[in-house]
Amino acid sequence: MTPLPILRVYRDSAEVATAVADQFFDVLTSVLAEGSDSVAHISLTGGTMGGKVLREVAESSRRSDIDWSRVHFWWSDERYLLLGDPDRNETQSREALLDELRLSEAQIHGMPALGADPSLEDAAHSYRDELAVFSVKDHAWPRFDILLLGVGGDGHIASLFPGHALLHDTEHIVLAEADSPKPPSARITLTLPVINSADRIWCVLTGADKAHALQSALSGGDVDETPAAGVRARLETVFFADNAAAEALATE
C-alpha cells in the first residue's frame with residue numbers, strides 16, 4: 001500500500017529550505033552508497049522555494065561529500081520559453097546550484113526550450129524520448145529517487161492545474177500544456193502517474209496563501225480542485241511547510 005503523506009512543519013521558509021536540503025543529502029548519500037555503479041535521479045522544481053532549497057544545498061558543507069558525477073537532474077515541468085530565459089525552471093536551478101557543481105551537460109536533462117522543436121507537442125515528445133534513455137524495468141522513464149514539487153495557492157503541482165484534463169491522463173509520460181492559467185500559457189509537464197512513480201515526493205510550500213491547498217491536499221481533497229491531493233510516492237510523500245501555511249491545520 002502506498003504510504004500516506006507526512007507533514008513536517010517549520011518556523012519559516014528559511015528553516016523549511018534547510019530541512020529539505022539536509023534530507024536531500026541524507027537520501028543522496030544513501031542511494032549512492034548502494035554500490036559503485038549506482039546513480040541518483042533527482043527531479044527539480046522552480047519557484048521561490050525551489051530556489052531556496054537549491055541554494056541551501058549549494059552552500060552546505062556536505063556538498064563535498066557527494067560524488068556529483070553520479071547524479072542526474074530532471075524537471076517535472078517547464079515554461080516553454082527561450083533557453084536561458086530567467087523564468088525557466090532550468091535557468092533558476094542552474095543559477096542556484098547546478099552551475100556550482102561542474103556537472104557534465106549529459107547529467108542535466110532540461111526540458112526543451114522554445115525553438116528547439118517544431119512545436120510544443122514535439123517538445124513534449126522529445127523529453128519523453130530522453131526519459132526513455134534512462135528507463136527502468138517497469139517504466140519508460142528513470143526511477144526518481146527524489147522528486148521536488150512546489151504547490152501553488154490553487155493547489156497545482158508541476159503544470160497540472162485544477163480542472164484541466166491533463167490531470168487525468170494515464171497514457172502519456174510528458175504532456176504539452178497550451179493553456180496554463182498562469183503565464184506563460186505554453187508549458188511542458190510530466191503526468192501524474194510519472195510523478196507518483198518516484199520513490200520520494202517532497203512538496204515544499206510556505207506562506208498563508210498556501211494554507212488552503214495544504215489543508216485540502218492532506219485531507220484527501222478532490223484532485224480536480226487541488227491537484228496536490230493526488231500526490232502519492234512509492235516510498236515517501238512529505239509536505240514541508242512553514243507555520244503560516246500549516247496554521248489552519250492546527251485549528252481543525
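Aromatic pairs, strands and a pocket

Biologist: How many aromatic pairs does the structure hold?
Modeller: The structure holds seven aromatic pairs. Bear in mind that this is a predicted model.

Biologist: What sort of pair do Trp74 and Tyr127 form?
Modeller: Trp74 and Tyr127 are edge-to-face, at 5.9 Å centre to centre and with 70 degrees between the planes. The pair links distant parts of the chain: Trp74 is in strand S3, Tyr127 is in helix H4 (residues 120–133), and they are 53 residues apart.

Biologist: Are Trp74 and Tyr127 buried or exposed?
Modeller: Both Trp74 and Tyr127 are buried.

Biologist: What about Trp202 and Phe240, what sort of pair is that?
Modeller: Trp202 and Phe240 form an edge-to-face aromatic pair, with 5.7 Å from centre to centre and 70 degrees between the planes. Trp202 sits in strand S8 and Phe240 in strand S9, so the pair ties together parts that are 38 residues apart in sequence. Trp202 counts as buried because its relative accessibility is 0%. Phe240 is buried too, with a relative accessible area of 0%.

Biologist: Which residues do ring pairs link into a cluster?
Modeller: Trp74, Tyr127, Phe134 and Phe144 are linked into a cluster by ring pairs.

Biologist: Changing topic. In what order do the six strands of the open sheet come?
Modeller: The order is S1-S9-S8-S5-S2-S3, and the pairing is parallel. Strand S1 (6–10) and strand S3 (71–75) are the edge strands, each pairing on one side only. On average, neighbouring strands of this sheet are turned by 20 degrees against each other, direction ignored.

Biologist: How many bridges join S8 to S9?
Modeller: Six bridges join strand S8 (residues 200–205) to strand S9 (residues 236–242), and the two run parallel. Arg200 stands opposite Glu236 in S9.

Biologist: And S7, which residues are on its two sides?
Modeller: Strand S7 (residues 187–190) has Arg187 and Thr189 on one side and Ile188 and Leu190 on the other. Those residues are all buried, and both faces of S7 are covered. As background, side chains in a regular strand alternate between the two faces of the sheet.

Biologist: How do S4 and S6 run relative to S7?
Modeller: S4 and S7 run antiparallel and are joined by three bridges. Asp77 stands opposite Thr189 in S7. Strand S6 (residues 174–177) and S7 also run antiparallel, joined by four bridges. Ala176 has Ile188 in S7 as its bridge partner.

Biologist: What is in the loop between S6 and S7?
Modeller: Pro184 lies in that loop. The peptide bond from Pro183 to Pro184 is cis, with omega near -5 degrees. For context, most peptide bonds are trans. Pro184 counts as partly exposed because its relative accessibility is 21%, and the buried class is under 20%.

Biologist: How far apart are Pro184 and Arg79?
Modeller: Pro184 and Arg79 are 6.6 Å apart in space, C-alpha to C-alpha, and 105 residues apart in sequence.

Biologist: Back to backbone angles. What is phi of Arg102?
Modeller: Phi of Arg102 is near 55 degrees, a positive value in a residue other than glycine. Arg102 is in the loop between helix H3 (89–96) and H4, and Arg102 is exposed, with a relative accessible area of 81%.

Biologist: And Ala158, what is its phi?
Modeller: Ala158 has a positive phi of about 50 degrees, although it is not a glycine. Ala158 is found in the loop between S5 and S6. At 8% relative accessibility, Ala158 counts as buried.

Biologist: Which residues of helix H6 are buried?
Modeller: In helix H6 (residues 211–218), the buried residues are Ala211, Ala213, Leu214, Ser216 and Ala217. Gly220 follows H6 and has a positive phi, near 75 degrees.

Biologist: Last topic. What volume does the largest pocket have?
Modeller: The largest pocket has a volume of about 430 Å³. Its lining is made up of 22 residues, and Gly46, Gly47, Gly150, Val151 and Lys182 lie nearest the centre.

Biologist: Which element supplies the largest share of the lining?
Modeller: H2 does, with four residues. Helix H2 (47–59), strand S4 (77–79), strand S5 (146–150) and S8 each supply at least two residues of the lining.

Biologist: How does the lining split by class?
Modeller: The lining of the largest pocket has seven nonpolar, 10 polar and five charged residues.

Definitions and conventions. Residues numbered from 1 in each chain as written. Predicted model: local features only at pLDDT ≥ 70, side-chain atom pairs only at ≥ 80, totals over all residues. Heavy atoms only, no water. Buried < 20%, exposed > 50% of the residue type's maximum accessible area, 1.4 Å probe, protein only. Pairing = 2+ DSSP bridges. Axes fitted to C-alpha atoms, helices over the stretch in contact; angles between N-to-C directions. 1 Å grid on protein atoms, 1.4 Å probe; cavity = no way out; pocket = protein on both sides within 12 Å on 5 of 7 lines; lining within 4 Å. Points joined across faces, edges and corners; volume = space filled by probe spheres on them. Nonpolar A, V, L, I, M, F, W, Y, C, P; charged D, E, K, R; others polar. Phe/Tyr/Trp six-rings, centres within 6.5 Å; stacked < 30°, edge-to-face > 60°.
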